[in-house]
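Me: Could you walk me through how to read salt bridges and burial in a structure like this one?

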Amino acid sequence: MSAKISPETVSALSSTMLIPLWAKAVEQGRAQPLLRDDEAVRMLDKIDYDFGKFAKVKASQVGCCGRAKLLDDMTRHFIAEHPDAVVVQIGAGLDARYERLGKPRINAWYDLDLPEVIEVRRMLLPESDNHYLGASMFDEAWMNTVAAHGKPVLLVIEGVLMYFEEAQVQDFFKQVARRLPHAQLAFDTIPKAYIGQSKHHDALGRMDKPPEFRWAISGTDDIRRLMPGVEIIEEAGLSSVCKPRYPWLLRLLYATAWGRRKLDMRLMRIQVPSN
């Protein structure tokens with residue numbers, strides 16, 4: 001593709017996809033990046049957009065990279081445990097996790113997002129040995145496709161669940177337990193202090209109409225309440241990898257137990273019970 005694409009001509013190319021892409025591309029200029037992502041640099045160069053608006057964004061730049069690293073690690077752990085796995089990245093956007101992980105030779109890898117987003121993704125990052133699914137995460141058709149493999153399943157859900165109401169998140173968990181019993185999920189969560197505060201977010205706040213944060217947790221007990229019988233396999237705070245790079249005030253806050261409990265994003269890998 002020679003001509004650059006622009007959000008003005010491709011409506012699905014939104015800031016919510018471009019912020020993490022920008023964050024990972026910028027990270028490649030550091031001497032010791034949190035993760036390696038050459039595809040982010042390549043894709044960024046093919047987009048006609050004023051990324052300069054994010055120049056002063058510090059916490060979210062490192063936060064996007066730390067979040068991706070932790071979920072990359074959880075995905076690696078699952079694949080090491082299940083070499084014949086089926087992995088589905090939900091809300092894939094422009095994330096190149098399959099490429100970052102070296103195109104793992106597993107049973108199947110799917111990248112799922114809404115059809116209009118998948119169309120943009122194909123323009124910038126065509127499939128290789130992975131497969132794209134244009135569907136809502138609540139559409140059971142893709143779950144049937146995944147279940148048909150009869151293999152261990154991991155759903156990776158990054159930067160998605162916090163934009164839904166709690167009842168919708170719970171319904172999704174129940175749907176997964178029903179259609180993909182014993183599947184594992186790796187995902188990020190936000191603390192309850194973030195609810196309704198997207199306009200104050202250092203990156204999302206630069207959007208004209210930022211999507212609102214709607215679902216958050218206080219801890220793993222909230223996950224157990226939404227999904228009785230769930231097993232928490234891995235859990236990590238975002239500050240565990242990002243704190244040295246955060247602005248000084250955040251470093252001070254996350255140095256305290258209160259700050260980590262009340263303000264830190266949590267990432268976890270869980271196994272859902274069968275319904």
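Reply: Let's start with burial: buried means under 20% relative accessible area, exposed over 50%, and partly exposed in between (1.4 Å probe, protein chains only). Here, Asp 95 and Arg 100 are both buried. One caution: this is a predicted model, where local features need pLDDT of at least 70, side-chain atom pairs count only at pLDDT 80 or more, and totals for chains, interfaces and linings use all residues. Residues are numbered from 1 along each chain as its sequence is written, and side-chain values use heavy atoms, with hydrogens and water left out.

Me: How many salt bridges does a search of the whole structure find?

Reply: A salt bridge is a side-chain nitrogen of Lys or Arg within 4 Å of a carboxyl oxygen of Asp or Glu. The search turns up 25 of them.

Me: Which residue forms a salt bridge with Asp 72?

Reply: That's Arg 100, with the closest N and O atoms 2.8 Å apart. The pair links distant parts of the chain, 28 residues apart: Asp 72 sits in helix 3 (residues 59-81) and Arg 100 in helix 4. Helices (H or I, at least four residues) and strands (E, at least two) are DSSP runs, numbered from the N terminus. Asp 72 is buried at 3% relative accessibility, and Arg 100 is buried at 12%. Arg 100 also meets Asp 95 in a salt bridge (3.1 Å, N to O).

Me: Is Asp 221 buried or exposed?

Reply: Exposed, with a relative accessible area of 57%. Asp 221 has a salt bridge to Arg 224 (3.7 Å, N to O), and both lie in helix 8 (residues 220-226), three residues apart, about one turn of the helix.
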